[in-house]
Amino acid sequence: MERKIRKCNQSGFSLAEALVGIAVSTIVMTAAGFIYNNFQQTFIRQINHNVIKQEVRFAIHALQLDLKMAGYKHEDAANGIQRAVYLTDSSNIEVGEQIEADIVYVCYDSINNNNTSSRKIIKYELRKKVSSNVKKTVLMKKTYNTNDCVNKSDANEPNWEPVAEHFKKFRIIKTNNILNLEIEMEDPGEKIVEKYNAAAFMRNTSY
Amino acid sequence: MISKKHDQKGMSVIEAMTACCILALSVIVFMTLQSQQEQRFTQLRKFDKAAYAVDLMFEELSAVYNPVPIQYGDPIVDQNTSPSNQLLISGCTSLPDVGDKFMIAGVPGSYQIIARTSLVSTKTTLTIERSDIPQDSPNLNLASTATANARITFVFNSNGSLEQYNNLDLLKYNNTTYQNTFPSDVKVNLVKWGSILNKHLGRPAINDKRKIEVIDVTTNIPIDENQDGITDQIDGIDQFVTSIKTQVTVRIKQDKSEEIFRRRYTNGT
């Protein structure tokens, strides 16, 4: 009788119940945390992937726009195009057909707003984001004025214009009048590396 | 009995197992969703890169595409010929290619080169068959006698045509027997494009597809010279101008996803 009263007066969990409860809730919380973390990681990767997709799309678009025009001579231009495309390695030594190059120069006549034409050399190169960086991750572009596509006619060195970032690798290979681009992009979280291949057919050059 | 029930504390085994099952089910559901999302993301990444690879193929096909026929000098029929499948021509500065099509002044129809001999003193003997009648026609020989000195006009440049890429199966890029059924430049592109797609999409499954199809698309465009919004007519018949474009389709099927990429080519593009 005395025992029964003691039992009825009991309130809350026993130690064993509390321990089991804590263990179960720990497992549940761990599983939930794991699932949440996975979802979060996937979400972040998708955002980062979108970032590199956007960057590479713009870079390829910009590159193709210039590379496809290589060798174009405006009908009013007095001089011929002496060198439509020029490829070098990172030490600025010229590379030939079907060899990987790091830097590309293309030359063509562009039309100004007042319908006159001017001849430009466009240079693309992978450079460091800031001088203290170790890796070259930014595709940059420099535009020179020229008369013959070989010598630059600018009084001062033009500034670099950033085109796109998150690059890991940028190589150009020339085969006849095709320029093949090999690009590797790395996401801001440095977890995804994507490889892209693209090409530009230089319609204004004949081989 | 009743008091025994009241004394009961905590969960029964069945309750605990039910709770565990519900928990396990929800974990499985979440994990499945997560895995599916991951697979879709991977597929998306693959197709995104494949799209650039296909664009590369279209660009390289632009370099191949040259529908303007080459005349190879000033070719003429070398001597009177009776209807046959061989024709000796002279006046060539270079050797016409197999697959090129031409017309002969005074002879009906157009003809395709099936084979040719080496060029000797501007002369070559062509093995030909008619290209303007169905392939299963009983007689594909010269339609009538070709007269000596009759002018030959080339109307189709096989090297600049994309027809040679029709039905190119990029899954067989490393199959030597398949490669050797194509001319050398098509073979080079087959190997290059096939390996690029393989790099981006991975090894193909049994029912996967990576194929190029080339067709000519004919469009009749109404003529409206006076810009009145009404098609011009001659003798009550609507007038049209026919535009022929070469359409290249690249089909990529990977697991359950299929993507179709298309580009049209016309002279001067």
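Predicted model: local features only at pLDDT ≥ 70, side-chain atom pairs only at ≥ 80, totals over all residues.

**Reading the labels**

Colleague: What makes Pro108(B) count as exposed?

Modeller: Pro108(B) has 11 other C-beta atoms within 10 Å of its own. Exposed stands for 12 or fewer such neighbours, buried for 20 or more, and partly exposed for anything in between, with C-beta atoms placed from the backbone. So Pro108(B), at 11, is exposed.

Colleague: Where does Pro108(B) sit, then?

Modeller: In the loop between β3 (101–104) and β4 (110–116) of chain B. Chain B has four helices and twelve strands.

Colleague: Which residues does Pro108(B) contact, beyond its neighbours within four places in sequence?

Modeller: Ala143(B) and Ser144(B). Contact here means that two C-beta atoms, placed from the backbone, lie within 7 Å. Val155(B) is 47 residues from Pro108(B) in sequence, and their C-alpha atoms are 14 Å apart.

Colleague: Why are Thr122(B) and Asn149(B) both called partly exposed?

Modeller: Thr122(B) has 17 other C-beta atoms within 10 Å, and Asn149(B) has 13.

Colleague: What is the phi of each?

Modeller: Thr122(B) has a positive phi of about 65° although it is not a glycine, and Asn149(B), also not a glycine, has one near 75°. Most residues other than glycine have a negative phi. As for places, Thr122(B) is in the loop between β4 and β5 (124–130) of chain B, and Asn149(B) is in the loop between β5 and β6 (152–156) of chain B.

**The whole of chain B**

Colleague: How do you know how chain B compares with a compact globule?

Modeller: A compact globule of 269 residues would come out near 18 Å, but chain B has 32 Å. Along the principal axes, its C-alpha atoms fill a box of roughly 120 × 55 × 35 Å. Of its 269 residues, 20% count as buried.

Colleague: What domains does chain B have, and how far apart are they?

Modeller: Domain 1 is 41–65 + 162–265 and domain 2 is 73–156, with bounds from an automatic or database domain assignment. Their centres, taken over C-alpha atoms, are 31 Å apart.

**Where the chains meet**

Colleague: What makes up the contact between chain B and chain A?

Modeller: Each chain gives 22 residues. On the side of chain B, α2 (13–64) and α4 (184–201) are the elements that give two or more residues, and α2(B) gives the most, with 18. That side divides into nine nonpolar, four polar and nine charged residues. Nonpolar covers Ala, Val, Leu, Ile, Met, Phe, Trp, Tyr, Cys and Pro, charged covers Asp, Glu, Lys and Arg, and the others, Gly among them, are polar.

Colleague: What makes something a nonpolar core?

Modeller: It is a set of buried Ala, Val, Leu, Ile, Met, Phe, Trp, Tyr and Cys residues joined through C-beta atoms within 7 Å. The largest has 60 residues, and Ala70(A), Val106(A) and Cys107(A) have the most contacts inside it. α2(B) gives the most to this core, with seven residues. A second, separate core of 16 residues includes Tyr72(B) and Leu142(B).

**Strands in chain A**

Colleague: How do you know that β1 and β2 of chain A pair?

Modeller: Pairing needs at least two bridges found by DSSP. β1 (residues 85–88) and β2 (residues 103–111) of chain A have four, so they pair, and they run antiparallel. Leu87(A) has Val104(A) as its bridge partner, and Tyr86(A) has Tyr105(A). β2(A) also pairs with β3 (residues 117–128) of chain A, antiparallel over eight bridges.

Conventions:
Residues numbered from 1 in each chain as written. Chains lettered and ligands numbered in written order. Rg over C-alpha atoms; globule rule 2.2 N^0.38 Å.
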